[in-house]
Amino acid sequence: MLWLVGAMYLLLSLPLTIRIGVSLNGLRGSTQATVFWLGLGARLDGELLWEGKPRFLLRYADPGKLSGVGKLTLPPGVLRALARMGRWDVRVLVGLGDAAQTAVAVGALRAALCAAMAGGQLSGSAQVGADFAAERFLMTARCFIRAPLGDMIFSGVRAVRKTRRKGRHVRGAT
């Protein structure tokens, strides 16, 4: 029985690597997520569209087969916990056609990105560049998370419990 506990401890202490990337070019974009653990990997690619609201299309999948698949939803606390575990790299290139408007937009976007990363306690870098010659919006955001599987599970469970506790407190007050 002790060997089983040791084997579980060993498996939960091995690092899990998650890479998430989002690239936007105007209102179209692409996404990818890769997970590696114990030498095994899985990758998921998709296309991100804006049709009044963001819409994700899974690449290389038959839409008819996905109609019965339910939505994967994670509590916001779990997403925040995972985001804090990662290292972020955000790069943006903005061009509005007018040099003055581009400069103001770049400054505002740089301040907003830095404030969001500091407020969310995210580590990484944020770079915003200006293109004074053309109208464009290009963005690439990458997140790299490498932590033991047990730490990720523990953080997720703790975030779910905290979210449920807050929900119970709010429901009981009304």
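Q: Which helix gives the most to the nonpolar patch?
A: H1 does, with five residues. Helices here are DSSP runs of H or I with at least four residues, strands are E runs of at least two, and both are numbered from the N terminus. This is a predicted model, where local features need pLDDT of at least 70, side-chain atom pairs count only at pLDDT 80 or more, and totals for chains, interfaces and linings use all residues. Residues are numbered from 1 along each chain as its sequence is written, and side-chain values use heavy atoms, with hydrogens and water left out.

Q: Which helices supply at least two residues each?
A: Helix H1 (2–13) and helix H4 (149–173).

Q: And isoleucine 153, where does that lie?
A: In helix H4. Isoleucine 153 counts as partly exposed because its relative accessibility is 45%; buried would be under 20%, exposed over 50%, and partly exposed is in between (1.4 Å probe, protein chains only).

Q: Switching topic: is threonine 31 buried or exposed?
A: Buried, because its relative accessibility is 16%. Threonine 31 sits in strand E2 (residues 28–37).

Q: What is threonine 31 in contact with, leaving aside neighbours within four places in sequence?
A: Gly21, Val22, Leu44, Asp45, Gly46, Leu48 and Phe56. Contact means heavy atoms within 4.5 Å.

Q: OK, in which sense do E3 and E4 pair?
A: Antiparallel, over five bridges; pairing takes at least two DSSP bridges between two strands. Leucine 49 is opposite arginine 55 in E4.

Q: What's in the turn of that hairpin?
A: Three residues lie between E3 and E4, and glycine 52 in the turn has a positive phi of about 85 degrees.
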